[in-house]
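The sequence and structure come next.

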Amino acid sequence: MATGVLALAQFGQLPPITTGMVVVFAITICAFVLFASELVPVDVTALLVMVALMVLSPWTQVSIEEGVSGFSNSATITVLAMFILSAGISRTGAVQRLGKWMASVARGDERRQLLSVIGVAGIPSGLLNNTPIVAMLIPAVSDLAREGGTSPSKLLLPLSYASMVGGMLTLIGTSTNLVASDVSARLLDRPFSMFEFTGLGALVFVTGALYLLLVGYRLIPERIAAGEGLLAEFAMSEYLTEVVVEADSPLVGEEIATITEDGGPTVVQVIRDGAHIEPFATETVEGGDALVVRADVRELRAFAATEGLDVARTNVGEGEFTADERQQFVELVVPTGSSFVGESVTAPFGADVNLLSIRRGTELLHHQLGDIALDRGDTVLVQATAESIERLATNPNVIVARELEASNYRTAKMPIAVGIVVAVVGLAAFGVLDILVAALAGVVAMVFSGVLEPDELYDAVEWDVIFLLAGLIPLGIAFSQTGAAALIGALVAESANYLPPLGVLWVFYVITALTTAVVSNAGSVVLMVPVGVATAAQIGANPFAFVLAVTFAASADFMTPIGYQTNLLVYGPGGYRFTDYFRVGAPLQALLSVVTVLGISLFWGV
């Protein structure tokens, strides 16, 4: 395959356009539309692509074996294993331990807070998948900001960006690196070693860190005011009202939980004889009880008139709720790939969880919540007992944005889990075992050592990512075998008439970064690495340099919340607007495009 790619037409000659190319381009355009519009989930789109390639095999030149090869691909299996290894580390509370260290170092100083966030998010992301690292650190960073009097908005976006640049430190930092290594092995017979690009990754990481510390921090707006509690952040005070139950009220004798079930407002606090009743869901209403309910003006008037209630106080604030109450307020983040997406917001969390508000970007949703369908990136404010919060924390379809008690982690297994990950890295780095074999051995060790239970393995895997990879890998094969990659490469190579090879490499970096915003990082690698190799062949440049440019550019989508999953995870908790990502991320992306291309030229030549 490498010989065929490098034996392309002479520079300046475009390969003839064939029917196979047209078919592959048509499938790719349809995939782009589905990815951008999100009419169906991304993993389903990838499967549609895979099926289309096999059905149209006379033109796509993708056999059935090649069509399903993504499921047995070493990169796909290695990514799956890395998800499980990351879950093992998470289950022991190791990342949360780093979060506590981060808080002790920061001590309320904004610059130290930012520096500790960058270090704690970036460096571990070189050895573990960065998506679960960000998910695990969101609660710690949010608490750090609130306790230090800093807006969470100032720290959460740097958390995502630092994990992205940190993921470029080693081969296993992101799924992008593993996929790029596999494609490079197929096209150039040159896979990545564990620390193949660590020098360049360190340069990118330091550049990104300095930008966030010196420039980016000033550009991030305070979408959530510093020092606000959750009720204030979600503008809940005007929707919380204290009502008193009259002695002859129809509610007397009913359970609190039935009020909401019967169509009434959500009860968030019960006060009886001046004392807060905890827990209150199964309590029977008595005359004289004071209920703090969540309702708008129209709902409140109707409820009070029909149920015999007197309005005692409006605009109930955060200070009315004591810190030791069992019914606690917490944010829940809906990640990409969650099965909750598309469901009614009242359905998935359980009857023991009070739904209070939803933040969708900068928009706060308070009205007719039962009619709203959840979307990825939504942040939901709920009230629940500690037991309910612990239950939600084990659900892979939602992220609980608060730190849990240490009792919820297998802290005794922490040294074992860390040792397993270090062993996996060491065995792969020194060539003792292939990274795939080392990672799978690490998974087995996690189970036999008790770090993870066998039934926890399946919940640890982000299956949408696995199916995305498996479905799109055949598209990369079709690009190579039909000559579609060579055609695009020849078109990109036309820029060599006006630019030196280094300039063409920069152009290709930019094209890949823009593609990532639509197709996802793993998808852009599958599509663009063959094109990069073809472009290099057209202009007589180093093809490995173009592979590296694609690899780094695919992990550099700083300009949108949807191109990289960690950006979406912090979207709701930070209260960001879509344009905030462009405002902060565009200068960083431009800076890193120059630094990365110059670094590739320095280390490997163009």
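## Surface patch

The model is predicted. On its surface, Val51, Val55, Leu56 and Trp59 make up a nonpolar patch. Together they have about 360 Å² of accessible area.

Val55 belongs to helix H3, which spans residues 42–55. Its relative accessible area is 61%. Val55 therefore counts as exposed, since the cut-off is over 50%.

## Strand E4

Strand E4 covers residues 290–294 and is mostly covered: five of its five residues are buried. In a regular strand, side chains alternate between the two faces of the sheet. Both faces of E4 are covered. Ala290, Val292 and Arg294 are buried on one side. Leu291 and Val293 are buried on the other.

E4 has antiparallel pairings with two strands, E1 and E2. Strand E1 (residues 240–245) pairs with E4 over five bridges. Strand E2 (residues 266–272) is also joined to E4 by five bridges. Val293 takes part in both pairings: Thr241 stands opposite Val293, and Val267 has Val293 as its bridge partner.

## Largest pocket

The largest pocket holds about 1,200 Å³ of space. Its lining counts 40 residues. Ser90, Ala393, Asn395, Pro396 and Asp459 lie nearest the centre.

Several elements each supply at least two lining residues. The helices are H7 (74–91), H10 (130–147), H17 (386–393), H20 (456–460), H21 (463–482) and H26 (565–569). Strand E10 (399–400) also contributes at least two.

Note on methods: Residues numbered from 1 in each chain as written. Predicted model: local features only at pLDDT ≥ 70, side-chain atom pairs only at ≥ 80, totals over all residues. Heavy atoms only, no water. Patch = residues over 30% accessible without salt bridge, like charges linked within 9 Å, V, L, I, M, F, W, Y side chains within 5 Å. Areas by Shrake-Rupley, 256 points an atom, 1.4 Å probe, with all protein chains shown as cover. Salt bridge = Lys/Arg side-chain N within 4 Å of Asp/Glu carboxyl O. Helix = DSSP H or I, 4+ residues; strand = E, 2+ residues; numbered from the N terminus. Buried < 20%, exposed > 50% of the residue type's maximum accessible area, 1.4 Å probe, protein only. Pairing = 2+ DSSP bridges. 1 Å grid on protein atoms, 1.4 Å probe; cavity = no way out; pocket = protein on both sides within 12 Å on 5 of 7 lines; lining within 4 Å. Points joined across faces, edges and corners; volume = space filled by probe spheres on them.
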